[in-house]
Amino acid sequence: MGNKVILLGNEAIARGIVEAGCEVASAYPGTPSSEILPAVARYADELGTRTAVEWAVNEKVAFEVAATASFTGKRTCAVMKQVGLNVAADPLMSVAHFDLAGGFLIVSADDPGPHSSQTEQDSRYFAMFAKVPCFDPASAQEAKDMVFDAFDLSEKYHMPVMLRPAVRVDHCRQDVELGEVKDLGRKADFKKDIRRWVCLPAHVRITHPQLNAKLDSVREDFETLYGRYNYEVPAKGRAALGIIASGVSFSIVMDLLKAWKREDISVLKIGTPHPLPVKMVEDFIARHENVLVLEETYPVIEMQLPDRTQLKGRWNGFVPRAGELLPEVIRDLILKALGEPLPVEGATELKAAIEELKVTPKPPMLCPGCPHRASFFAMRKALPNGIYPSDIGCYTLGVNQKDVDTTIDMGASLTSASGFYLAYRTDGKDQPVVATIGDSTFFHMGILGLVNAVYNRHAFVLAILDNRITAMTGGQSNPSIGDKLRKGDEGRQVDIEGVVRGCGVSFVKVVEPYDTKDSAEVFKEAWEHARTHREPSVVILRHPCMLLRQKQAVVKVRVNPDKCIGCKYCTNFFNCPGLPFDEAAKKAKIDERFCVQCGVCIQVCPHGAIEAVEGEEE
Amino acid sequence: MQYVIVGLGGQGILFTSRVLGHIAVSRGERVMGSEVHGMAQRGGSVISHFKVGPYESPLVLAGSADLLIAFDQGEGIRNLHFLREGAQAILNIHDPTALENPHLKKYAADRSLSIAGIPGYKILHEKMGGRFLFMNVLMLGAMCGINAGNVSIDEIREAVAKLAPEKHRADNLKAVDLGYGYFKGN
Ligand code: SF4
Ligand code: SF4
């Protein structure tokens, strides 16, 4: 028995990456993938490998950096979440055609549900689109094991290989076996060869058929050599149902069958959904009259079968076409497929209690003391008739304050602002528009939108919410901070103001968002400038994220019940967990469990009901 | 043994399953669990599943948990359906009248659930200067106080001492004992 420790699925993947001898790892954070790269750095430090570990400014950059490093014969990997793969789709499609030298692993973490994403797309579909092999782990241990096989397969066929963990694998905690580092002793050795490394159309006419041939061979391998990931758990005797399952759905099925002590159901586990070992699956289907397919989130296994018409799955809607396959969902699907009765819902009393007690799920909110809340408040105060396109980050939660009108994807706050500008401008109207974006997102994809707006002379205000961190995903570094992940590595800070000026913006002001009066003034000024000069102006609102726990002035506050008229202005437009509305008393109140005594709400109440508690100011 | 641990983002519920996991592994048992990271951590409802024994999947099926630990009473009540018949629950209570709700009492009686409440905020307010970040270890102590969770208070003390950061060790242990003492009366 080796050394077992409890790891998060993402740590298990990271451990595999380091043990497998990966020498360049690049990523952009995004739930549910964010914990992988910091763990790669930690294990590399602990195990003393020379792996370069870096946050890239976006996923396309991460992909290209890592892919190219593999051209030299080294093992490399790029890590991202599923929507990050959209950003990296361009290089994915071309690099798939390359005859790579070193092993190149793409980790793309999916979010069925979704829990923390703007889509619940399936990265395995992307693997199919790009024609690259894909592994789909069912547990943390299996995810770690698959990292080694993915690198080996990548080197056998000289092609990129994807590992697609879904959120329940990323964020599961499990005892996992630790191993030693594989020292491959490789030296970077780039062999120039334009047919191999330059994707000219003439070369693609050769490489595309090659890619198809590689994929055929991988499929053959998946049929025969990967029994540890693709196998059947047979029923005892005649099977009443055959289930084809991949990812964590397989684990859930196995737990259910065990709890039910059922042996009349056979299960085919598929750990390599693309290219699908079609013969294996067809053989299983031929032996079962009744077949249920469980996979997240798209019917990727089903789509690769020549005949899927008799299967109960996502494709024909027997399995819901959207959403996570939770244990309760899988339980009901199995029972439905068997034609057996569903468990009776015995929770009417509980439902009645929940209703009477008014217990509702709590949606996420910006932290108490979050500088974004103050920035949004000032923005609305200055330009109440504005349109507010926003972006991806904690600050998307500005919807709670009615200060986020649109969000598309990373960087779209700026381009949406341009879209609104043009649509109103063609009517001859000056519509105030304020785009909000975080520091990390600005570097990720915001700069291009800014250049476009300067070039085309679009009038709007860009508010950069600079909180010195990539907050939503748990606090990663980025260019505005300049830290790097590995011990001893030094980065360099990239100055946002300098970048903004360099893009050609002439109005740039930095403000402290906690001072909402001052920032509101600056917002007004910025819009005036934008409107009159026909160009974007930029306000940088700089205050550290609460996660950084930096020391700041403590202002104890109270709501004066004699002054509070119960208008709910504060809960509607400020929306702090520390300042709820007491429906019984019809007044706002401070909830000391959550209040961090930032004191900003004192500026919010138009009736002066929120007061500093005398003598406690520090 | 299957646990469901619920609360609000930022209450430090992840540490609870780390402690339980540490104990299970030192006993040579297998563990499997599921956590919430990302946007939901921003103050919203969060749920951790944790299983000790020969399980393959990280999620607990509704109606099969042995114990529910709730850092917030609303979240606790909302998630009682995870419990199997005869299971236990420990809730951090800020409004004790909720447990007197007749529907809730009937639900618990029908399914032989035993639901215990502890005024965690009040205790931490009075005894630990309102440092609510110790709620997680207080709840672990309370769990042992109602003889739930299949672990002893000594195992909890030992694991917390090992996993808590050096400078907060003494305070963490104090909070464990406050939770335990609330039920064991010392
Ligand atoms: S993590 Fe930081 S940025 Fe996100 S809501 Fe909290 S304080 Fe605001
Ligand atoms: S002082 Fe006001 S704004 Fe600041 S955390 Fe407390 S309630 Fe929220």
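Ligand 1 sits between chains A and B of this predicted model.

Now move to ligand 2, which has 14 residues around it. The closest are A:Cys576, A:Cys595, A:Cys598, A:Gly599 and A:Cys601. What about charge here? The shell of ligand 2 has no charged residues, and splits into 10 nonpolar and 4 polar.

Domain 1 covers 3-182 + 194-224, domain 2 runs over 231-338, domain 3 over 371-548 and domain 4 over 553-618. Going by C-alpha atoms, the centres of domain 2 and domain 3 of chain A are 47 Å apart.

Next, the nonpolar interior. In soluble globular proteins, nonpolar side chains tend to be buried together. In this model, the largest nonpolar core counts 92 residues, and the ones with the most contacts inside it are A:Ile17, A:Phe135, A:Leu292, A:Leu294 and A:Ile334. Which helix gives the most to this core? That is α7 of chain A (residues 140-157), with 9 residues. Domain 1 and domain 2 of chain A both supply residues to the core, so it lies between them.

For a closer look, take A:Leu294. Setting aside neighbours within four places in sequence, A:Leu294 is in contact with A:Ile243, A:Ile244, A:Ala245, A:Ser246, A:Ser249 and A:Val253, among others. Its list of contacts also includes A:Val319, A:Leu325, A:Ile330 and A:Leu333. There is a second, separate core too, with 47 residues, including A:Phe594 from chain A and B:Phe132, B:Leu140 and B:Ala159 from chain B.

After α1(A) comes A:Gly21, with a positive phi near 85°.

Helix α6 of chain A (residues 123-130) has A:Ser123, A:Arg124, A:Phe126, A:Ala127 and A:Ala130 as buried residues. Why do they line one face of the helix? Looking down the axis of α6(A), the buried residues fall within an arc of 155°, so they line one face. The general rule behind such patterns is that an α-helix has 3.6 residues a turn, so residues three or four places apart point the same way. α6(A) is followed by A:Lys131, which has a positive phi near 65°.

Most residues other than glycine have a negative phi, and most peptide bonds are trans. Chain A has a cis peptide bond between A:Gly113 and A:Pro114, with omega about -25°. You'll find A:Pro114 in the loop between β5 (104-109) and α6 of chain A. Another cis peptide bond joins A:Glu296 to A:Thr297, with omega about -5°. A:Thr297 belongs to the loop between β12 (291-294) and α13 (300-303) of chain A.

B:Ser112 is not a glycine, yet its phi is positive at about 50°. B:Ser112 sits in the loop between α3 (102-110) and β6 (114-118) of chain B, and its relative accessibility of 47% makes it partly exposed. B:Asn150 is not a glycine either, and has a positive phi of about 65°. The loop between α5 (135-145) and α6 (153-163) of chain B is where B:Asn150 is found. Buried or exposed? B:Asn150 is exposed, at 53% relative accessible area.

Finish at B:Asn79, in the loop between α2 (73-78) and β5 (83-92) of chain B. B:Asn79 has a relative accessible area of 7%, so it counts as buried, being under 20%. What does B:Asn79 touch? Not counting residues up to four places away in sequence, B:Asn79 touches B:Val6, B:Ile47 and B:Leu68. B:Val6 is 73 residues from B:Asn79 in sequence, but their C-alpha atoms are 7.8 Å apart in space.

How values were computed. Residues are numbered from 1 along each chain as its sequence is written. Chains are lettered from A and ligands numbered from 1 in the order in which they are written. This is a predicted model: local features need pLDDT of at least 70, side-chain atom pairs count only at pLDDT 80 or more; totals for chains, interfaces and linings use all residues. Side-chain values use heavy atoms; hydrogens and water are left out. Buried means under 20% relative accessible area, exposed over 50%, partly exposed in between (1.4 Å probe, protein chains only). Helices (H or I, at least four residues) and strands (E, at least two) are DSSP runs, numbered from the N terminus. The arc is that of the directions from the helix axis to the C-beta atoms. A nonpolar core is a set of buried Ala, Val, Leu, Ile, Met, Phe, Trp, Tyr and Cys residues joined through side-chain atoms within 4.5 Å. Domain bounds come from an automatic or database domain assignment. Contact means heavy atoms within 4.5 Å. A residue is near a molecule or strand if one of its heavy atoms lies within 4 Å of it. Ala, Val, Leu, Ile, Met, Phe, Trp, Tyr, Cys and Pro count as nonpolar, Asp, Glu, Lys and Arg as charged, and the others, Gly among them, as polar.
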